[in-house]
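I opened a new notebook page for this structure.

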Amino acid sequence: MGRIKSIAVLTSGGDSPGMNAAIRGVTRSALYYGIEVTGIRRGYQGMIEKDFVRLEAGSVSNILARGGTILKTARSKEFMEPEGRRRAYGNLKESGIDAVVVIGGDGSLTGARIFCDEYFDIPFIGIPGTIDNDIYGTDYSIGYDTALNTVVEAVDKIRDTADSHNRLFFIEVMGRDAGFLALESGIACGAEAVMIPEVKHQVKNLKSYLEKEFKRKKSSNIIIVAEGDEEGGAFDIADKVKADFENFNIRVSILGYIQRGGTPSALDRVNGSALGYAAVEALMDDQKSVMVGFRNDEIELIPFRKVIRLKKKIDPNEMKMVEILSA
Ligand code: ATP
């Protein structure tokens, strides 16, 4: 305690709504304890290029309602090499930065861990920020709630058309490696089926489901597909289904980048603020190489090594629920 006089904060990987609340939480909490704050622009690339900006209380005024990240974000290949990290370390030392808070997804936290294993004297604290909500050790990641609500609103609109025209819609949502967004939007919208990378051979199951639907003459069907499904994206799956169900009126909709942006939900603002505050408290308690996350509505510290090594699992009950409730 008292050792840290100057910290830096950065956002890395994909942007997500609520990152600004976390930046504000970190900045205002640190200033409260008399700690100087530096914003690093463009994630790890900005650390390597010394793209630093001093943050005062006023620098983070009126940002809670803004999507994206005021610090900008980037993916940095150079940081994946020892030479890039050596330059980044040199810049942090030169600027007198004692600790770093990283807001990002599992890639960003992996980078933080590797950096901390090489350079022991600058502690890093992670904050989970990704719309995928796929980070082990936390029930919640910043941006997921807003993205989920965006998807739900879009799917509800598409449902109107699907109903009016008796159509079968395949709607593709983000989630290259994880199906949380697809699964929970499916539950929220009453999707007839959900296809996610964690569950195999789903096209076969889907076809037998559709056969029953065909007999029942159900008026519309919504199938949510996570973009990373092993059987391909929504277009690929629609093609496979079309081959067997020529009479079906099939359409595909890719939601794309609208899922990333937008005004953060109240939950993303509250939790982003809480995690920003918790990250500074953790540094004050001499913590390092940990992520601050939520488990059962409590803030917890989870070591980077666990966050990176372990995979967050889909709840199989939720998949079963989609099946039962769509009957
Ligand atoms: P999202 O979930 O939105 O994709 P992410 O944080 O997982 O976010 P990545 O592109 O995987 O996004 O990672 C962000 C950055 O973290 C990378 O561009 C790179 O600079 C750094 N990073 C990722 N993996 C490593 C690694 N193995 N070693 C060093 N740095 C890494």
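Which domains does the domain assignment of the protein chain give? I found domain 1 (6-143 + 264-309) and domain 2 (145-260). These bounds come from an automatic or database domain assignment.

I noted the ground rules next. This is a predicted model, where local features need pLDDT of at least 70, side-chain atom pairs count only at pLDDT 80 or more, and totals for chains, interfaces and linings use all residues. Residues are numbered from 1 along each chain as its sequence is written, and side-chain values use heavy atoms, with hydrogens and water left out.

**The interface.** I looked up the C-alpha centres of domain 1 and domain 2; they lie 34 Å apart. Domain 1 gives 14 residues to the contact and domain 2 gives 10 residues. Contact here means heavy atoms within 4.5 Å.

How much area do domain 1 and domain 2 bury between them? I read about 980 Å², with 52% of it on carbon and sulfur atoms. Buried area is the accessible area (1.4 Å probe) that two parts lose on being put together, summed over both. On the side of domain 1, D15, I131 and D132 lose the most area to domain 2, together 44% of what that side buries.

I then checked for salt bridges (a side-chain nitrogen of Lys or Arg within 4 Å of a carboxyl oxygen of Asp or Glu). The rule finds one across the interface of domain 1 and domain 2. D15 also forms a salt bridge with R260, their closest N and O atoms being 3.5 Å apart.

**The ligand.** An N or O atom in the side chain of S108 is 2.5 Å from a ligand oxygen atom. For G107, a backbone N or O atom lies 2.9 Å from an oxygen atom of the ligand.

Notes:
A polar contact is a pair of N or O atoms within 3.5 Å; within protein, one must be able to donate a hydrogen and the other to accept it, and residues adjacent in sequence count only if both atoms are side-chain atoms.
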